[in-house]
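Reader: I would like a close look at one part of this model, namely the place where the two chains meet and the packing around it. Please take me through it carefully.

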Amino acid sequence: MSANESERHLTSQEISQWLVEGPSASAEAHAGNCYACQAKLTEAREPLAVFRTAVVAWSEAQVERPVRAVEFQQRAERRAWIWAPALSLALGVALLAGFLLGPKAFRTHTAQTPVAANAPVSDAVLMEQVDSEVSEAVPDAMAPLTDLVAWDSEGSSVSTVSAKKAVKGKSSVGVKAKAKAKE
Amino acid sequence: MAMSGESVLSAPASVGLDDIEEVMRLYRGRILRYAMFAVRDRDAAETITQECFLKAYRARESFRGDCSLSTWLMQIAVNLVRDYARSKQFQFWRRAQTSAVDVTEVTEFLPHPGASAEAGVLAREQLGAVWAAVEKLSKMQRQVFLLRFVEEMELLEIAEAMQMKESTVKSHLYRALNSVRAKVKPGTDGAE
């Protein structure tokens, strides 16, 4: 190594080379005696050391904490920020709609109140109807016969005999027709 | 920054792959931060990290100790990152960047043992500048930069992990370092 080489300050390229591949013998010899070059080296190393320290500390913390939980938490926070304007807009629209339609809605509500009061009455009617249909004494199979009884009872008093005849197979219509012919 | 021959983060060589929990405890941080900076997505980085250890455990019989365990794990991680980068999912995440780590989050982890407020501000500025510069690096430059200056791996180890020539690693590394230095201290000539 010549005297000139050892006196020459380190270039930026040599500093990069030092950091990437390690120092050459001449660079190391010079930097050992040159405060200016030592300062340059420190200036180049320091930001990298700071970066490394922070990144390593961060990643070690991630190892201790469940990463997915952290990520979920952050996403949730972001999502809240994303939805905040939309939610506030929706709330505004809802309030405006409530303000404009409010009195009408209130009137409608008060108008509906009597209906609500009448509800037990209509319920009672409905229950009566259901009761009457459910409590039919005559079975379905006998229903046509009861219809005939009902027809017979329209003009005169209900005759159980005619009903019995009808049950036996003679229609009351036929009986009536015979009676008319006798007359 | 000390660039010793042996990585500061190296684990004892006696740790076997059968004890996967211990291996994970020792190397998870390393793989996670590499994956984090490579894919720039926390969720994907976590998936890659888990997949890396799973692959390593399944292929533990094939590990013959030709390289260190950390280099071997890093090699798996590099391949996983490559596969991931090719996938459509990566393209989506790259656009979305929904869970990328922010520099402000990392700044909280800057140590300040008895440092003055001025030194703290300077450190934050330096971190911000390096971070911004690293973000602008190409994918390959960023990876080799991280392996060298964060993981403190030797050039040959990086070449092995990245499956590329040492000269290629050097080339990427010089470009990356010069870009970072230029960003951190404007006025640096940045010549290789």
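Author: What follows goes from the contact between the chains to the core and then to one pair of helices. This is a predicted model, in which local features need pLDDT of at least 70 and side-chain atom pairs count only at pLDDT 80 or more, while totals for chains, interfaces and linings use all residues. Residues are numbered from 1 along each chain as its sequence is written, and chains are lettered from A and ligands numbered from 1 in the order in which they are written.

Chain A has 8 helices and 0 strands, where helices (H or I, at least four residues) and strands (E, at least two) are DSSP runs numbered from the N terminus. Where the chains meet, 33 residues of chain A are in contact with 37 residues of chain B, two residues being in contact if their C-beta atoms, placed from the backbone, lie within 7 Å. On the side of chain A that touches chain B, helix H2 (12-21), helix H4 (35-64) and helix H5 (67-134) each supply at least two residues, and H4(A) gives the most, with 21 residues.

One residue of chain B to look at is B:Val130, which touches A:Pro47, A:Leu48, A:Phe51, B:Val180 and B:Val184, not counting residues up to four places away in sequence. B:Val130 is also among the residues that touch the most other members of the largest nonpolar core, which has 67 residues; such a core is a set of buried Ala, Val, Leu, Ile, Met, Phe, Trp, Tyr and Cys residues joined through C-beta atoms within 7 Å, and a residue is buried if 20 or more other C-beta atoms lie within 10 Å of its own. The largest share of this core, 10 residues, comes from H1(B).

Helix H1 (residues 20-39) of chain B packs with helix H3 (residues 69-86) of chain B at an angle of about 30 degrees, their axes being 10 Å apart, with axes fitted as lines to C-alpha atoms over the stretch in contact and angles running from 0 to 180 degrees between N-to-C directions. H1(B) and H3(B) are therefore roughly parallel to each other, a term for angles under 35 degrees. Among the residues that make this contact are B:Ile31 and B:Ala35 of H1(B) and B:Leu73 and B:Ala77 of H3(B), and the residues of the contact divide into 11 nonpolar, 1 polar and 1 charged.

Key. Angles under 35 degrees count as roughly parallel, over 145 as roughly antiparallel, 65 to 115 as roughly perpendicular and the rest as oblique. Ala, Val, Leu, Ile, Met, Phe, Trp, Tyr, Cys and Pro count as nonpolar, Asp, Glu, Lys and Arg as charged, and the others, Gly among them, as polar. A residue is buried if 20 or more other C-beta atoms lie within 10 Å of its own, exposed if 12 or fewer, and partly exposed in between; C-beta atoms are placed from the backbone.
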